[in-house]
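Hello,

Please find below the sequence and structure we discussed. My notes on what was found follow.

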Protein chains: 2
Amino acid sequence: MKTLATIDNTSLAIIPGSNAFNLAKNIAEKLGAPLLDIHRKVFPDGEHYVRINFEKLVVPPNYSIVVNTLYPKQNDAFIETLFLLNAAYTETSMNTIAIIPYIAYSRQDKLFLRGEPVSFEAVLSCLRSAGADMLLTVDVHSPIALKRYFKGFSINILVSDLLVKASLKYLDKPIVLAPDKGALNRVRYAALKLGLEFDYLVKHRDRVTGEVSLEPKELSVKERDVVIVDDIISTGGTIALAAQKCLENGARKVVVAATHSLLIGNALEKIRNAGVAKLITTNSIPIEETDFIEVIDLSDVISKELQRVIHV
Amino acid sequence: MKTLATIDNTSLAIIPGSNAFNLAKNIAEKLGAPLLDIHRKVFPDGEHYVRINFEKLVVPPNYSIVVNTLYPKQNDAFIETLFLLNAAYTETSMNTIAIIPYIAYSRQDKLFLRGEPVSFEAVLSCLRSAGADMLLTVDVHSPIALKRYFKGFSINILVSDLLVKASLKYLDKPIVLAPDKGALNRVRYAALKLGLEFDYLVKHRDRVTGEVSLEPKELSVKERDVVIVDDIISTGGTIALAAQKCLENGARKVVVAATHSLLIGNALEKIRNAGVAKLITTNSIPIEETDFIEVIDLSDVISKELQRVIHV
């Protein structure tokens with residue numbers, strides 16, 4: 001990290017949330033911006049307390065940048081983020097920015113049934129009213145809902161191209177596959193950028209045998225390498241089934257590329273057992289790299305995007 | 001509860017949060033309004049889901065009234081409230097109302113130290129942006145902060161008079177005492193309404209012996225009954241010490257009257273051990289009535305206040 005003297009001109013302050021300390025630290029290093037200390041406690045009645053140490057700054061920051069992610073412990077992480085934004089807002093000359101690579105409740109992004117909340121709308125409107133002028137996220141489930149419900153400046157960084165690019169170390173001219181039609185956009189983006197073929201999987205049930213097939217709409221996976229791309233791996237069921245079916249249909253090798261790895265319960269085991277060769281993901285949610293898991297650090301794309309939009 | 005036919009004209013819907021089912025039920029009964037069923041679940045990844053059953057209503061309600069309280073499990077209860085408000089908002093013809101007798105984080109109502117959030121501001125602005133047009137609460141820690149930070153119509157119902165009135169069953173012309181100067185307003189309100197003497201306790205440290213005394217500013221408690229009035233009992237330390245000192249100074253009998261009883265840890269034991277004869281409180285937080293604890297149901301004052309402001 002650069003010393004204070006060298007970052008006076010940029011006047012940024014990076015404020016790390018509990019779930020994203022390492023990511024915040026990496027962003028601070030890349031931007032040459034100070035990473036502020038946070039004092040946290042829980043009161044006897046269970047109320048959460050945060051305090052940002054602004055004392056180390058000589059001048060108020062032009063931009064306060066709260067970095068947190070909303071998994072694990074969605075609700076506590078959300079409250080902590082609201083409080084950090086509220087506290088940052090008071091000290092900021094220009095804009096308070098929330099960097100939240102994974103936003104919880106993002107899949108409840110429309111009214112599926114009468115009487116439901118649009119939870120994602122509630123979350124976004126709270127982030128805004130707590131103090132976020134700008135929200136930067138990564139590969140959000142519905143980019144349209146992000147734009148519609150966050151009443152400020154919002155940016156969704158697409159990273160499926162980075163994930164697919166990383167898969168090329170392990171695969172030979174792979175087909176880029178979406179597990180369903182809904183996930184086609186991020187697959188198309190990556191494939192077109194990298195000059196690869198792409199398609200999405202379609203489910204068919206045989207009327208006689210009742211057997212379920214899952215095959216690409218147009219292409220054949222036979223004798224081909226495949227990278228299956230999705231935004232979120234939760235319990236891993238969808239991805240594991242997609243991988244298994246590709247291998248059953250003659251694919252040579254299957255790699256899974258997913259931005260946000262929640263990996264609930266035995267998700268990882270399911271994915272390995274389905275015959276997946278590698279899982280490529282990001283640190284939008286804290287995760288350890290292993291022989292099986294390659295983790296792409298998001299601090300690079302996030303820092304570049306910040307430099308682009310706030311000219312620091 | 002009245003049948004649907006009889007409440008068609010009022011067009012209210014009462015929506016109970018997890019922490020306030022009984023209070024919501026009582027309010028629904030008093031207003032002759034339907035209490036809607038809530039479907040709740042937690043997804044495998046830990047995200048909370050609610051769905052309000054609006055099917056039983058013939059017409060959309062003019063007023064949807066979400067009743068919840070933010071203790072215990074402050075953060076989860078807060079998120080649930082936001083989601084209920086967001087869901088209710090969609091179905092409501094006129095106004096969405098939040099009834100939250102106890103609002104968590106209400107004591108962090110100003111900037112005590114640099115770099116802190118005003119947590120209460122964050123909570124109130126989120127309730128507003130999630131969908132609450134009106135917020136009704138009970139004996140909030142800072143009525144001024146409520147007005148300042150909730151950017152809608154807000155009402156704070158004072159109940160210290162009800163608590164003190166209830167204490168008259170056990171006490172003879174008591175002095176109404178605030179444990180400190182900050183709590184004087186609600187004591188003054190109750191005492192003036194009931195024609196009783198009032199005062200607040202002041203701490204003195206003897207310069208020679210180092211002994212700490214705690215005595216009313218003007219009055220003497222000697223041979224007098226005393227009711228100590230406060231808004232929140234958390235760990236019970238303040239109230240227990242106040243009661244103990246009153247008894248040491250010759251008070252005949254001490255009753256404690258507090259609106260919100262969190263009663264953290266062994267708070268109740270501390271209060272009993274200090275010699276308090278009775279604790280009078282409300283169901284702003286779910287609590288069981290016992291030989292020692294008298295609980296005043298808030299549904300009556302809340303229903304009356306609602307009838308006054310929305311003319312139902």
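**Findings**

In chain A, the centres of domain 1 and domain 2, taken over C-alpha atoms, lie 30 Å apart. Please keep in mind that this is a predicted model. The domain assignment places domain 1 of chain A at 4-157 and domain 2 of chain A at 160-296. Where the two meet, 9 residues from domain 1 of chain A and 12 residues from domain 2 of chain A take part in the contact. The domain 1 side of that contact consists of 5 nonpolar, 3 polar and 1 charged residues.

**Chain A and chain B**

Chain A superposes on chain B by a rotation of 180° with 0.0 Å of shift along the axis, at an RMSD of 0.0 Å. This is the relation of a two-fold axis. The same surface serves both copies, since 100% of the contact residues of chain A recur in chain B. Within chain A, Cys126(A) comes closest to the rotation axis, its C-alpha being at 2.4 Å.

The contact between the chains involves 40 residues of chain A and 41 residues of chain B. Strand S3 (48-52), helix H3 (74-91) and helix H4 (119-130) of chain A each supply at least two residues of the chain A side. H3(A) gives the largest share of that side, with 10 residues. By class, the chain A side has 20 nonpolar, 13 polar and 7 charged residues.

**Helix H4 of chain A**

H4(A) has 12 residues and reaches 16 Å from its first C-alpha to its last, close to the 16 Å expected at 1.5 Å a residue. Of its 12 residues, 12 are buried, so H4(A) is largely enclosed by the rest of the structure. Among the buried residues are Glu121(A), Cys126(A) and Arg128(A). The buried residues of H4(A) pack against H3, strand S5 (95-99), strand S6 (134-138) and helix H5 (143-149) of chain A, and also against helix H3 (74-91) and helix H4 (119-130) of chain B. Just after the helix, Gly131(A) has a positive phi of about 145°.

**Core**

In soluble globular proteins, nonpolar side chains tend to be buried together. Here the largest nonpolar core has 208 residues, and those with the most contacts inside it are Ile14(A), Val229(A), Ile14(B) and Val229(B). Leaving aside residues up to four places away in sequence, Ile14(B) touches residues including Ala24(B), Ile27(B), Leu35(B) and Val67(B).

Ile15(B) sits in strand S1 (residues 12-16) of chain B. It counts as buried because it has 32 C-beta neighbours inside 10 Å, where 20 or more are needed. With the sequence exclusion of up to four places, its contacts include Leu36(B), Ile52(B), Leu84(B) and Ala88(B).

**Backbone points to check**

Most residues other than glycine have a negative phi, and most peptide bonds are trans.

- Lys173(A) is exposed, with 10 other C-beta atoms within 10 Å.
- Leu263(B) counts as buried, with 22 C-beta neighbours inside 10 Å.

Regards

Technical notes: Residues numbered from 1 in each chain as written. Chains lettered and ligands numbered in written order. Predicted model: local features only at pLDDT ≥ 70, side-chain atom pairs only at ≥ 80, totals over all residues. Domains from an automatic or database assignment. Contact = placed C-beta atoms within 7 Å. Nonpolar A, V, L, I, M, F, W, Y, C, P; charged D, E, K, R; others polar. Helix = DSSP H or I, 4+ residues; strand = E, 2+ residues; numbered from the N terminus. Expected span 1.5 Å × (residues − 1). Core = buried A, V, L, I, M, F, W, Y, C linked by C-beta atoms within 7 Å. Least-squares fit on C-alpha atoms with pLDDT ≥ 70 in both.
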